[in-house]
Amino acid sequence: PGIVLVAINPYEQLPIYEQDVIYAYSGQNTEVMDPHIFAVAKEAYKKMARDEKNQSIIVSGETGAGKTVSAKYAMRFFATIGGSASDTNIEAKVLASNPIMEAIGNAKTTRNDNSSRFGKYIQIGFDKKCHIIGANMRTYLLEKSRVVFQAEDERNYHIFYQLCASSNLPEFEDLGLSECWHIPVLLP
């Protein structure tokens, strides 16, 4: 059992995720602070350090709810208090995804033109002094059915439209994409 935070994506940048806010949450008793992703991260970090046991943070929600952004903020908190954020740069290293990965796993939904359709499992490793020593991320495709069916006003994975847009190139002749000409190719 742990703390639960219900967050709402405001769809704009707010000044509540700055470095000074991280330091405020890392130095204060979270019970007297406002609910925040940094409070959740601090509680997990504190229990890991005190009990020397693995901790988990589950970030769940609908499309466009801000799950990836919440995970980034939690990692930013860990990077700041678990080592120098500028040295570790864990947020950028763990969530860096190349354009090919996004093309294969992102699609247009009714709420987000570039929604990741991957689930992500992120592990962050800490040493005995609670400094970050590494991380890895496993991804898994959430919607295999999207390949053959899309709801109204939604689209298949971006890679499908990118391949169709390139179907006239000689290097794609063997893929049998010659019938893609009738599919509108509007990339996000």
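**View 1. Gly 66 in the loop between helix 2 and helix 3.** In this predicted model, Gly 66 is part of the loop that lies between helix 2 and helix 3. Gly 66 counts as buried because its relative accessible area is 16%, and buried means under 20%.

**View 2. Gly 61 in the loop between helix 2 and helix 3.** Gly 61 also belongs to the loop between helix 2 and helix 3. With a relative accessible area of 40%, Gly 61 is partly exposed, since that class takes in what falls between under 20% and over 50%.

**View 3. The annotated binding site.** An unreviewed UniProt entry carries the annotation "binding site" for Gly 61, Glu 62, Thr 63, Gly 64, Ala 65, Gly 66, Lys 67 and Thr 68. From this set, Gly 61, Ala 65, Gly 66 and Lys 67 are found in the lining of the second largest pocket.

**View 4. Helix 2 along its length.** Helix 2 is made up of 15 residues, residues 37–51, and at 1.5 Å a residue it should span 21 Å, which agrees with the 21 Å between its end C-alpha atoms. Helix 2 is followed by Glu 52, a residue whose phi is positive, near 55 degrees.

**View 5. The buried residues of helix 2 and what covers them.** The buried residues in helix 2 are Ile 37, Phe 38, Ala 39, Val 40, Ala 41, Lys 42, Glu 43, Ala 44, Tyr 45 and Met 48. Among the elements that cover the buried residues of helix 2 are helix 1 (19–27), helix 3 (67–81) and strand 3 (118–126).

Methods
Residues are numbered from 1 along each chain as its sequence is written. This is a predicted model: local features need pLDDT of at least 70, side-chain atom pairs count only at pLDDT 80 or more; totals for chains, interfaces and linings use all residues. Side-chain values use heavy atoms; hydrogens and water are left out. Helices (H or I, at least four residues) and strands (E, at least two) are DSSP runs, numbered from the N terminus. The expected span of a helix is 1.5 Å times one less than its number of residues. Buried means under 20% relative accessible area, exposed over 50%, partly exposed in between (1.4 Å probe, protein chains only). Contact means heavy atoms within 4.5 Å. UniProt positions are given in the numbering used here, feature names are shortened, and annotations may be inferred rather than shown by experiment. On a 1 Å grid over the protein atoms alone, a cavity is a set of points where a 1.4 Å probe fits but cannot get out, and a pocket is an open set with protein on both sides within 12 Å along at least five of seven lines; lining residues have an atom within 4 Å of a point.
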